[in-house]
Amino acid sequence: MERIDLSPGKYSVHRDVLDELGLEEVAQKRMWSTKPTVGEKVKESLRCSVPTLKHRLLTWIPVLSWLPKYSFRENILGDIVSGCSVGIMHLPQGMAYALLASLRPIYGLYTSLFPVLIYVIFGTSRHISIGTFAVISIMVGSVTERMAPDEAFIFNGTNNSLTVDLDARDAYRVQIACSVTLLSGLFQILLGVVRFGFVATYLSEPLVRAYTTGAACHVCVSQLKYLFGVKPARFTGPLSLIYTVVDICRLLPQTKVPELVVSLVALAVLIVVKEINACYSKKLPMPIPIELIVVIGATTIAHFCGLREDYLLDVVGEIPSGLKAPRTPEITFFSQIIGDAIAMAIVSYAITISLGKTFGLKYGYKVDSNQELVALGLSNSVGSFFQCYAVTASLSRSLVQESTGGKTQVAGVISSLLVLVMVIKMGSLFEDLPKAVLSTIVFVNLKGMFRQFKDVPLLWKTDKVDLLVWLVTFISTVLLNLDLGLAVSVGFSMLTFIFKTQLPHYSILGNVPGTDLYLDTEAYKQAKEIPGIKIFRSAATICFTNAELFLEAFQEKSGVDVRKLQMEKKKRAKQEKMAKKEKDALDYFSNSTNSFKVPKPNKEKNLSKDVAIFLTNASSNGHVNSAYQYDTTISETDSGCHGEDSLTHDSHKDEKVGGTCKAVTHSIILDISTTGFVDTVTVKMLKNIFGDFADVDLDIYLAGCQACVVEQLEKAAFFESIPKSRLFVSVHDAVLHILGKLGQTKIVLRKKMT
């Protein structure tokens, strides 16, 4: 059956030509396995045994699988150093990002404590740091400010002056933040339970990076009021970012110089030291905790120099010590925040899973996308009862946790203990911390996001469609706000995917002389079409969305208009029938007039006009189809026009002057090796192609069908009308079958001798 010759850099295989029936016999095809029904799956899931229960327990609570195997000797030192480093970052970032959420700094510390502990139990990534993050914080802040604006808490103060009830406003905003966090967490848990973790794959990397860059612009603008010490009006809806920038520019003459000076000094110190950390990251045992140093220094200076009283500096204010009792979030807000909750759930998960899988690939462990959804959902849901707002993974803290030697989520436990000590014992020490300092911390941590603008020139060189997605996402996020911006971005990204599937590359394949390779004739000069055979391929799966376009491209590329050929065949059949009737009439007239001498009529002159047209068309130099030619014409054309030892020819030289040689399309091969599935529309289209082309005596063959496609064709009763002998393992098998059918079995694939 088969003989294989191997030599360095070459291979030679001798085997029979295989169609689908031959393949089933040679490869010993298995019977198609029947997938279990829904009922069987439910029964299987409800079965309980000790191994099954243990497996499910370890899957849903991953800490039980890695904590008993924890190696203190190898991991504990790195985890302690890493945990302390991340905990030091949690303190200033938690307080700073709480301002983005329009909450008091203490709630940022709560958010850096409880959700981290929940993720340690249920998460599968060993290196990411869960907690506050600028993008999610600004998303929470947009909800709290929209539903609890300052105007709703104004009352008449002393001397009939209008004053904002800050305590009532802040308490109401906390309720809103906890509600949206709970709903977001419930969405994530639900998606994780139904194994919907793949949803993040629909958020492409350019989309996520552009969205976070656009969100960074919102974060930046929201902190300008602390930087300059002004109070701009609050704007909502599309273009609110633009209106806010314009209003801040209008208020610049009212800038508070003390706050601006504090901001500039803190900003300069943070930038310089962070650059030192970046330059000497390999030499320093751990990054210099400049954020914590700046917070402590600014608080000390503000307290002992009386900046709050003398210069009316805006400070953090009261930070209560201790932990608050759990409290059920208000579910009455759900109807008003459902859209925001879904957006937060998707964005926070996309950021977390992208970071988690990055570290997983780097260190060789698996990050379960569905379990990450559950872990993040539980972190948000449980945290909402302890007055925490939505969390996600932080890039800066995760990089520090990894670079300082963190090996497991024990580092998260260590960082949480530091935050706990801060909340219980040391919170009140930071009541005089200027808010301008916290805003500078936010500004400096946006550096990594703004670096993503470098994606634009890179995408311009590599993929302009991805560049378009990046630009549309960024512009819509900046102009339409975070919720509408995300919806528009996802919608546009899906549209680009649909267009890619509907407009794939279609090609006519030709053989490379001396090989069994069939390549695009437009892309490769040496790929030559085989006389009489058209080989057509689509670069995408054929389905209902592009079936009609496939058929149009097929007819255009192959140069065969089957509808026109069918009409011509019917017309010629009619003409032949009319010619036969005229001949019979002439014969009858000749036989019935033997007693009279009638001159023999000139048949050509007595033919009808239609018959004359038929003769003219038949002798024209246009496209000739084998449906209207004798078999001897096909054989002569395919065997003698371009040399006996060559299988391929130049498609532009099919016709010779004087009509001595003319290429005739008698067979068409559809290469569907790129098709991963077929639907009912595709099956119907393929049946129509076989039927329509059979009407005009053109043979259609399929090549490269995957096993799953063959199974689907069988279920769709495709082979009841089309024999399996029309399916071939490869294009080369189909070509050899056609040539053998035409009596050209001795032609071999090799370069024509010059």
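Author: Start with burial. Buried means under 20% relative accessible area, exposed means over 50%, and partly exposed lies in between (1.4 Å probe, protein chains only). Ile346 has a relative accessible area of 28%, so it is partly exposed. Note that this is a predicted model: local features need pLDDT of at least 70, side-chain atom pairs count only at pLDDT 80 or more, and totals for chains, interfaces and linings use all residues. Residues are numbered from 1 along each chain as its sequence is written, and side-chain values use heavy atoms, with hydrogens and water left out.

Reader: Where does Ile346 lie?

Author: Elements come from DSSP runs, numbered from the N terminus: helices are H or I runs of at least four residues, strands are E runs of at least two. Ile346 lies in helix H15, residues 334–363. At 9% relative accessibility, Asp340 counts as buried.

Reader: What joins the side chains of Asp340 and Arg146?

Author: A polar contact. That is a pair of N or O atoms within 3.5 Å; within protein, one must be able to donate a hydrogen and the other to accept it, and residues adjacent in sequence count only if both atoms are side-chain atoms. For Asp340 and Arg146 the distance is 3.0 Å.

Reader: Now the sheet. What is the order of its strands?

Author: Pairing comes first. Two strands pair if DSSP finds at least two bridges between them. Here six strands form an open sheet in the order S8-S7-S9-S10-S11-S12, with mixed pairing. S8 (518–520) and S12 (727–728) stand at the edges with a single partner strand each, so one side of each has no neighbour in the sheet.

Reader: Is strand S10 enclosed or open, and why?

Author: Strand S10 spans residues 667–671, and five of the five are buried, so the rest of the structure largely encloses it. Ser667, Ile669 and Asp671 point one way; Ile668 and Leu670 point the other way. S10 pairs with S9 (residues 533–538) in the parallel sense over five bridges. There, Lys534 has Ile668 as its bridge partner. S10 also pairs with S11 (residues 699–703), again parallel, over five bridges. Leu670 stands opposite Leu702 in that pairing.

Reader: What unit do S10, H28 and S11 make?

Author: Check the handedness. A crossover is right-handed if, with the strands pointing away from the viewer, the path from the first strand over the helix to the second runs clockwise. S10, helix H28 (residues 680–695) and S11 make a right-handed β-α-β unit.

Reader: How many salt bridges does the structure hold?

Author: The test is a side-chain nitrogen of Lys or Arg within 4 Å of a carboxyl oxygen of Asp or Glu. The structure holds 22 salt bridges. One of them joins Glu275 and Lys447, with the closest N and O atoms 2.2 Å apart. This pair links distant parts of the chain: Glu275 is in helix H12 (residues 257–279), Lys447 is in helix H20 (residues 447–450), and they are 172 residues apart. Glu275 is partly exposed at 33% relative accessibility. Lys447, at 35%, is partly exposed as well.

Reader: Which residues are linked in a network of salt bridges?

Author: Arg104, Asp150, Asp167, Arg169, Asp170 and Arg173.
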